[in-house]
Each structure stands twice: as structure tokens, then as C-alpha cells.
Amino acid sequence: MSAFLPILVVLLAYAVPYAVRVRALGRAGRPVARWRLVCFGAALAAFAVALSPPLDALADRRLTAHMVEHVLLGDVAPLLVVLACSGAVLAPLLRVPAVMRLRALGHPVVALGLWLVDLYVWHLPAAYGAALAHPALHALQHACFFWFGIGLWFALLGPLPKPAWFGVPARLAYVVAAWLAGGGLGAALVFSGDAFYDSYAAREGAAAVGDQSAAGAIMMVEQGAIAFALFCWLFLRLWREAAERQELAELAAARGVAVADARVARAVGADRAAGLRARILAAGAEPERPETTT
């Protein structure tokens, strides 16, 4: 039981505040969508698996197991947490002054750059070996993977306003950049004829190269699966945004309301098409209907 106590503490540290906020929103008549709750539950499950003593013990001996830990903590769990959090869920946290000062880290260029540096620095042989040798540094490594992963996905999918240039095409490029970076590291592990990490080479000998190749394949497959899913979502969003822009432009013309194309694009891109539609309806006159004779 004592081995699972740290996992329980970590899970409760995330689950309790989320549950309290979700309950408060439900009582206020603003329930959180069920799919977000499912995402949060899946994130907790990913945490539990990644931090479980059996996987952790195996990760000390096999790079493949360690890679499973890393993709769960650095990609899967952060993505699910970001999907689980709407603007209403995060509102109390975003009002904290210290958090407000960190909002600059959510800029797409900054978030992607920090994630890339974190990913590659921790996979350098010296840093990786030091993390394996020192439990405190290992915990820091895992925390960095998780929080920089949060930043990566929050910049893409989070509820905060995005830069004007960060529309769907730019988001597609963002996903491609992250996929190429992660896939490039995975490919280096797959195709290298030498073992990068002495700790595993000392334990496994010649088998270390095969283990390293399998670990790189895990990273490449995981990165590719996430990139494919996000590509599908972004293409669907691109199609939906085009339809919403056309609908709003036609509504404004029918109501005689002058609305700039740039304003329509901003509203649609920020998921505020419904608000702009309501303002157009309030500002414009009902179009006259032709009289009918009987």
C-alpha cells in the first residue's frame, strides 16, 4: 500500500480541485460537458499507469518501459487535462496573480519552443543518466515533461484568446512542427546502431540497442497517432469555420448590418460566433417579407 501512496497523493492533488470546481459550476447551472469529465478521468488513469510501481520498476531495466512512462506523462495526460478544462473550469486559477504572470508562456511560439528544449535536453545521455541515478532529479524530469506538455497543448487547444495569426492553418503547422520534433527524436532512437544510455547498456548489453529501437518506435507511433487525431479535428474545424463565416456574412447582409470580414473571422476563430450572431440580430431589422394575396 505504501508504494501506491505517492500516486494517490498526486491523483488527489489534481482530482479534488477539479471535482470541487465542476460541482460549483453544476450548482450554478453551468455544467461541464460530459466529454470533458471523461477526458479528465482518462488523464488520471494515464497518471496512475505511468506512476505505478510495476511500470516504474520495469523502467529502471528497460528503456521501452521508461518511454511508455514519458509519453503518458508528457503527451497523453497533458493533452487530456487540457481537453478537460474549459474557460469556466479554469477561471478561478486564471485570476491568481502568479498565474496571470505566466500567461505569456501560453503563446504558441513560446510554448512550442519550451517543449522542444525540454524534450531534447532531458533525452541527452548525460541528463537522462543523471535522472535515472537520482530520484529527485527523476521526479523533476517527469514534472517537466508534464508541465511543458500542458503548455504545448494549452497553446493549441486551451480556452485563452489566441494571437490573431494563430488560425487553423497556423495550428496545423504547429502540430506538424511538434510531430516532426518528437518523431525526429524517435527516429534517432530507432535507427541508431549504438546505445545512447549507459545505464541500460550496462544492464542489457547487446540487447540495449534493440530495446532503444523499440522505445523510439513507441515515441514515433504515439506522436503520429496524436498528430493524426489533431489533423482530423483541425480540418473539421476549418470546414466548420468556413461555414460559420459564410452564415454570419449572409445574416449581416440580410439584416442590413455592416460587419467587417475581419471581425467575423475573429469571432469565428475565437468560438464566439454565437455572440456575434446575437448582436447582428439585435442590431438589424427583420427583413421585410413579401405580402401574400389570397
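1. From the N terminus on, the elements of the protein run α-α-α-α-α-α-α-α-α-α-α-α-α-α. That comes to 14 helices and 0 strands, where helices (H or I, at least four residues) and strands (E, at least two) are DSSP runs, numbered from the N terminus. This is a predicted model, in which local features need pLDDT of at least 70, side-chain atom pairs count only at pLDDT 80 or more, and totals for chains, interfaces and linings use all residues. Residues are numbered from 1 along each chain as its sequence is written, and side-chain values use heavy atoms, with hydrogens and water left out.

2. On overall dimensions, the C-alpha trace of the protein spans about 90 × 45 × 40 Å along its principal axes. Of the 294 residues in the protein, 40% are buried; buried means under 20% relative accessible area, exposed over 50%, and partly exposed in between (1.4 Å probe, protein chains only). Contact here means heavy atoms within 4.5 Å. Among contacts between residues at least 6 apart in sequence, 73% join residues at least 24 apart.

3. Next, the pairing of helix 7 with helix 9. Helix 7 (residues 108-122) packs on helix 9 at an angle of about 150°, and their axes are 9 Å apart. Axes are lines fitted to C-alpha atoms, for helices over the stretch in contact, and angles run from 0 to 180 degrees between N-to-C directions. Helix 7 and helix 9 are therefore roughly antiparallel to each other; angles under 35 degrees count as roughly parallel, over 145 as roughly antiparallel, 65 to 115 as roughly perpendicular and the rest as oblique. Their crossing is left-handed, a term used if the near helix is turned anticlockwise from the far one by less than a right angle, with right-handed used if clockwise.

4. Which residues bring helix 7 and helix 9 together? On helix 7 they are Pro108, Ala111, Leu112, Leu114, Trp115, Asp118, Leu119 and Trp122. On helix 9 they are Leu137, Leu140, Gln141, Cys144, Phe145, Phe148, Gly149, Gly151, Leu152 and Ala155. By class, the residues of this contact divide into 14 nonpolar, 3 polar and 1 charged. Ala, Val, Leu, Ile, Met, Phe, Trp, Tyr, Cys and Pro count as nonpolar, Asp, Glu, Lys and Arg as charged, and the others, Gly among them, as polar.

5. Cys144, in helix 9, counts as buried at 16% relative accessibility. Not counting residues up to four places away in sequence, Cys144 touches Asp118, Trp122 and Gly149. Asp118 and Trp122 are also listed on the helix 7 side of the contact with helix 9. Cys144 and Ala249 are 105 residues apart in sequence, and their C-alpha atoms are 45 Å apart in space.

6. Helix 9 (residues 135-157) also packs with helix 10 (residues 168-191), at an angle of about 160° and with axes 10 Å apart. Helix 9 and helix 10 are therefore roughly antiparallel to each other, and helix 9 passes helix 10 in a left-handed crossing. Gly151, Leu152, Ala155 and Leu156 of helix 9 make the contact with Arg171, Tyr174, Val175 and Ala178 of helix 10. This contact has 6 nonpolar, 1 polar and 1 charged residues.

7. Beyond its neighbours within four places in sequence, Gln223 is in contact with Asp75, Trp115, Ala178, Trp179, Gly182 and Gly183.

8. Gly183, one of these partners, lies in helix 10 and counts as buried at 14% relative accessibility. With neighbours within four places in sequence left aside, Gly183 is in contact with Met220 and Gln223.

9. Gln212 is also placed in helix 12 and counts as buried at 1% relative accessibility. Leaving out residues up to four places away in sequence, Gln212 touches Leu63, Leu189, Ser192, Asp194, Ala195, Phe196 and Tyr197.
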